[in-house]
Amino acid sequence: MSAGLSRAPLSGADWFAVEFDPATQEVVMLDQRLLPGEVRYHRYRKPDEVADAIRGMVVRGAPAIGIAAAYALAMVARDEKSDARMFLVANGTAGRFVNATRPTAVNLAWAIARMSRRAGDVAELAPEARYQGMLEEAEAIHREDVASCKRMGELGAADVPDGAVVLTHCNAGALATGGYGTALGVIRAAHAQGKNVRVLAGETRPYLQGARLTAWELHQDGIPVEVITDNMAGHFFQKGEIQFVVVGSDRIAANSDIANKIGTYPLAVLSNQHDVPFTVAAPWSTVDLRTPSGADIPIEERSRDEVARIGGATLVPEGIPCRHPAFDITPARLVDAIYTERGVIRPKIGERPDVLMG
Ligand code: MRU
């Protein structure tokens with residue numbers, strides 16, 4: 001499944017969601033729409049192509065789309081060789097275009113803002129130095145994301161009981177990040193510590209990130225995983241077969257409410273009903289202190305057809321509308337822990353992200 005990259009991937013594994021190839025100056029992405037049936041990498045040379053790939057779900061997952069956006073802005077610097085003002089205009093235009101692709105995951109806006117600050121710093125340099133500065137910033141975002149995943153993985157793994165069956169939702173793994181994963185980072189770290197963990201992966205209708213992606217990547221690492229349909233979770237809680245829940249997040253509000261893939265909130269309700277810890281793993285780039293509460297987080301609405309069709313099959317009669325909110329909000333009062341690279345937030349006892357700003 002080689003991507004033909006000219007250097008070792010920053011992901012730390014021999015496969016990855018998104019990388020930059022310095023030899024060809026292209027963004028390389030694993031096409032997540034095709035998994036698990038086919039492992040195929042695409043190469044993108046233009047920022048607009050990266051935006052289309054984000055919108056079209058070639059790459060997805062909050063940190064991974066932020067990294068893809070950062071590399072897109074490095075490509076703007078590669079191509080815009082005129083004066084500082086034109087470079088900043090091009091950077092701003094591309095940033096707004098990429099940012100409009102997906103509204104809920106704040107990592108996208110965070111990465112674009114960070115790249116734009118760097119653009120301001122390098123604007124007066126010669127074009128090649130500008131490009132190198134922007135690429136260095138994008139690679140730093142990528143490297144820091146992998147390091148963050150490893151740190152939050154260690155913190156979260158300390159709470160995972162030995163012998164636990166761990167339920168997760170969607171894909172918050174290496175495929176959703178720069179590498180290693182957030183929720184799956186917690187599971188990877190527990191496994192690496194010698195804890196005997198088994199994973200239940202909810203299939204995650206309608207896009208099936210759990211069935212297709214989480215199962216695929218845990219299998220690559222030899223971590224035991226079973227897939228359930230989303231409507232089976234209550235049954236397994238009731239039978240006492242789930243000891244721990246860990247999910248990722250697309251945005252964490254200032255009051256510790258969290259947005260994550262649609263279907264996360266009912267799992268939090270079930271966890272609380274059955275006294276099973278409900279936890280979240282996310283990098284600090286997912287924390288949005290300017291959003292007061294979950295009610296203020298924009299929820300992406302995706303197309304009817306992603307609900308009405310699967311593969312080539314039609315599931316819903318033609319002409320019948322479908323609803324497709326892509327994320328839901330889990331209130332802070334249902335969340336036992338949020339693991340970040342800065343430390344752990346315990347929302348149920350009233351902690352908010354600002355406890356980690358010292
Ligand atoms: O629509 P997606 O696949 O981009 O949604 C992804 C999720 O909801 C993940 O759980 C979240 O981004 C955390 S990824 C580390």
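In this report, a residue is called buried when its relative accessible area is under 20%, exposed when it is over 50%, and partly exposed in between (1.4 Å probe, protein chains only). The model is predicted, so local features need pLDDT of at least 70 and side-chain atom pairs count only at pLDDT 80 or more, while totals for chains, interfaces and linings use all residues. Residues are numbered from 1 along each chain as its sequence is written, and side-chain values use heavy atoms, with hydrogens and water left out.

Let's start with E217, which counts as buried because its relative accessible area is 0%. You'll find E217 in helix α7 (residues 209–220); helices (H or I, at least four residues) and strands (E, at least two) are DSSP runs, numbered from the N terminus. What does the side chain of E217 make a polar contact with? The partner is the side chain of R188, at 2.8 Å. A polar contact here is a pair of N or O atoms within 3.5 Å; within protein, one must be able to donate a hydrogen and the other to accept it, and residues adjacent in sequence count only if both atoms are side-chain atoms. Contact in general means heavy atoms within 4.5 Å. Not counting residues up to four places away in sequence, E217 touches W15, N171, G173, A174, L175, L184 and R188.

Both L184 and R188 are among the buried residues of α6. That helix is mostly covered, with eight of its 10 residues buried. Just after α6, G194 takes a positive phi of about 90°.

**Around the ligand**

Now for the ligand. There are 19 residues around it, and R60, R102, Q209, N260 and K261 come nearest; a residue makes this shell if one of its heavy atoms lies within 4 Å of the molecule. Both α2 (62–79) and β9 (258–261) supply at least two residues each.

| Residue | Protein atom | Distance to a ligand oxygen |
|---|---|---|
| G61 | polar backbone atom | 2.9 Å |
| R102 | N or O atom in the side chain | 2.7 Å |
| N260 | polar side-chain atom | 2.7 Å |

Taken alone, the ligand exposes 410 Å², and the protein buries 99% of that; these areas come from the Shrake-Rupley method with a 1.4 Å probe.

**H169 and the loops**

H169 is in the loop between β4 (165–168) and α6 (183–192). Is H169 buried or exposed? Buried, because its relative accessible area is 3%. Its side chain reaches the backbone oxygen of I262 at 2.8 Å. Leaving aside neighbours within four places in sequence, the contacts of H169 include K261, I262 and G263, along with T204 and D230.

C170 sits in the loop between β4 and α6 too. Its phi is near 60°, a positive value in a residue other than glycine, and C170 is buried at 6% relative accessible area.

L208 also has a positive phi, near 65°, and is not a glycine. This leucine lies in the loop between β5 and α7 and counts as buried at 15% relative accessibility. P206 is found in the loop between β5 (198–202) and α7, and a cis peptide bond joins R205 and P206, with omega about 0°. Another cis peptide bond joins L35 and P36, where omega is about 5°; P36 lies in the loop between β2 (26–30) and β3 (41–44).
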